[in-house]
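Trainee: I'd like to learn how to read a fold from its strands and contacts. Can we go through one together?

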Amino acid sequence: MDRVPKFLNNCELGRVSRRQLLQALGLSATAAVAWGALPRAAAVFAADAGQSSGANKAFPVTTVNHLSYSSLDYKKTRDFYVDLLGMRTVWDDGTKCQVDCGPEPAPNTLYLTSGKPGTVPAVVHFSFGLPNYWAMADQLKAELARRGLPGVKPDGQAGWFVNGPSGFVQHLVAVKNQAMFPGAAEPCVEAKSAKCKEAYELGLKNLDSIPKASGKGFKALYFNHVILHVPDVAKERDFYTSLMGMKVVSDKTDDVSLRFGENTLVLRPAGADGKPYCNEFGFVVENYNQAKVKAELDRRGISSKPSAFGGLAVKDPNGLEIGIAGRG
């Protein structure tokens with residue numbers, strides 16, 4: 001059994017498959033999990049057994065492809081995030097826009113739209129970036145169908161809608177693709193179609209005329225937190241960990257934090273009506289210095305207060321609470 005440590009190491013590095021490891025040890029997956037001599041391998045064996053028995057398959061996401069944020073004036077909201085947080089306007093068709101932060105190949109994003117009169121500003125759905133989406137799209141489709149989850153339908157060709165246990169709408173989509181932009185679902189049923197290309201290019205025509213960051217603000221990198229209020233925190237936690245491979249970093253009855261890539265999703269109880277909602281999120285910014293951030297906010301006449309997530313919290317033009325913090 002002196003080969004066990006080497007086999008375990010090779011398995012964890014991806015050089016040996018779980019099944020090869022089991023065969024080499026002459027064990028079934030169930031027996032291996034029960035074998036106390038390999039406690040650190042238990043999760044590996046259990047995962048292998050689960051896959052072979054048709055258990056849930058996870059699709060680990062890494063980015064916030066977008067938060068879909070509806071307000072009465074998307075341009076005012078756009079200019080706030082561009083100038084204060086250095087976000088990049090990469091698509092804008094005159095009615096809605098996409099602003100990015102973080103690395104260009106794998107950005108974290110807001111889709112900003114204008115709602116009907118009387119719209120209460122809020123994030124109305126989430127979209128998460130799945131690496132290697134195109135190679136996994138058929139598997140994802142099959143898994144969503146197998147689980148019988150509600151709200152499953154294509155988001156064009158570059159993603160899938162699915163509802164969480166609370167009914168809050170999610171997407172699993174390509175990390176970055178020209179067939180994924182605000183309003184892409186209908187024109188991009190075929191990602192490489194002329195219709196999809198035309199709709200995408202419409203949002204590129206006037207980018208040069210859109211106000212750019214003054215350079216006096218900050219540079220957002222990723223989401224320090226996105227808070228979703230739901231009626232059953234435990235059920236929602238299990239949905240995100242099971243389907244999207246998010247990792248639990250804090251698990252309390254009424255406050256759960258889930259990490260994916262560098263971003264963090266926070267689950268908290270909904271109000272008395274049980275309806276899910278999101279009206280608070282925050283960013284990690286480059287080279288955070290609290291005194292300098294506070295001074296710039298004061299210069300702009302923006303009130304701030306200490307945030308429970310570190311750094312400072314401000315109100316955006318629609319009254320949503322937005323955090324500004326450094327790397328944890």
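Trainee: Which residue is the bridge partner of Leu258 in strand 12?
Mentor: Strands of a sheet pair through backbone hydrogen bonds, either parallel or antiparallel. Here Leu258 has Leu265 as its bridge partner in strand 12. Strand 11 (residues 255-260) and strand 12 (residues 263-269) are antiparallel, with five bridges between them. Two strands count as paired if DSSP finds at least two bridges between them. Strands themselves are DSSP runs of E, at least two residues, and helices are runs of H or I, at least four residues, numbered from the N terminus.

Trainee: Before we go on, what sort of model is this?
Mentor: This is a predicted model: local features need pLDDT of at least 70, side-chain atom pairs count only at pLDDT 80 or more, and totals for chains, interfaces and linings use all residues. Residues are numbered from 1 along each chain as its sequence is written, and side-chain values use heavy atoms, with hydrogens and water left out.

Trainee: What is the strand order in the open sheet of eight strands?
Mentor: Reading across, the order is 10-11-12-9-13-16-15-14, and the pairing is mixed. Strand 10 (247-252) and strand 14 (305-306) are at the edges with a single partner strand each, so one side of each has no neighbour in the sheet.

Trainee: Over how many bridges do strand 14 and strand 15 pair?
Mentor: Strand 14 and strand 15 (residues 312-315) pair over two bridges, in the antiparallel sense. Lys305 sits opposite Ala313 of strand 15. That hairpin has five residues between its strands, and Gly310 takes a positive phi near 95°.

Trainee: And what is the bridge partner of Ala313 in strand 16?
Mentor: Gly323 is the partner of Ala313 in strand 16. Strand 15 and strand 16 (residues 321-325) are antiparallel too, over four bridges. Their hairpin has five residues between the strands, with Gly319 at a positive phi near 90°.

Trainee: Which strands does helix 8 lie across?
Mentor: Helix 8 (residues 233-244) lies across strand 9 (220-230), strand 10, strand 11 and strand 12, and runs at about 155° to strand 12. For such angles, axes are lines fitted to C-alpha atoms, for helices over the stretch in contact, and the angle between N-to-C directions runs from 0 to 180 degrees.

Trainee: Is Asp255 buried or exposed?
Mentor: Buried means under 20% relative accessible area, exposed over 50%, and partly exposed in between (1.4 Å probe, protein chains only). Asp255, in strand 11, counts as buried because its relative accessibility is 19%. Thr241 is partly exposed, at 24%. The side chains of Asp255 and Arg268 are joined by a polar contact of 3.1 Å. A polar contact is a pair of N or O atoms within 3.5 Å; within protein, one must be able to donate a hydrogen and the other to accept it, and residues adjacent in sequence count only if both atoms are side-chain atoms.

Trainee: Where is Phe59?
Mentor: Phe59 is in the loop between helix 4 (42-52) and strand 1 (63-71), and counts as buried because its relative accessibility is 0%. Leaving aside neighbours within four places in sequence, its contacts include Leu130, Met136, Leu172 and Leu243. The C-alpha atoms of Phe59 and Leu243 are separated by 5.9 Å, with the two residues 184 apart along the chain.

Trainee: Which cysteines form a disulfide?
Mentor: A disulfide is a covalent bond between the sulfur atoms of two cysteines. The cut-off used is a pair of cysteine sulfur atoms within 2.5 Å. Cys188 and Cys196 form one, with their sulfur atoms 2.1 Å apart. Their link is right-handed, with 85° about the S-S bond. Cys188 is buried at 0% relative accessibility, and Cys196 is buried at 2%.

Technical notes. Contact = heavy atoms within 4.5 Å.
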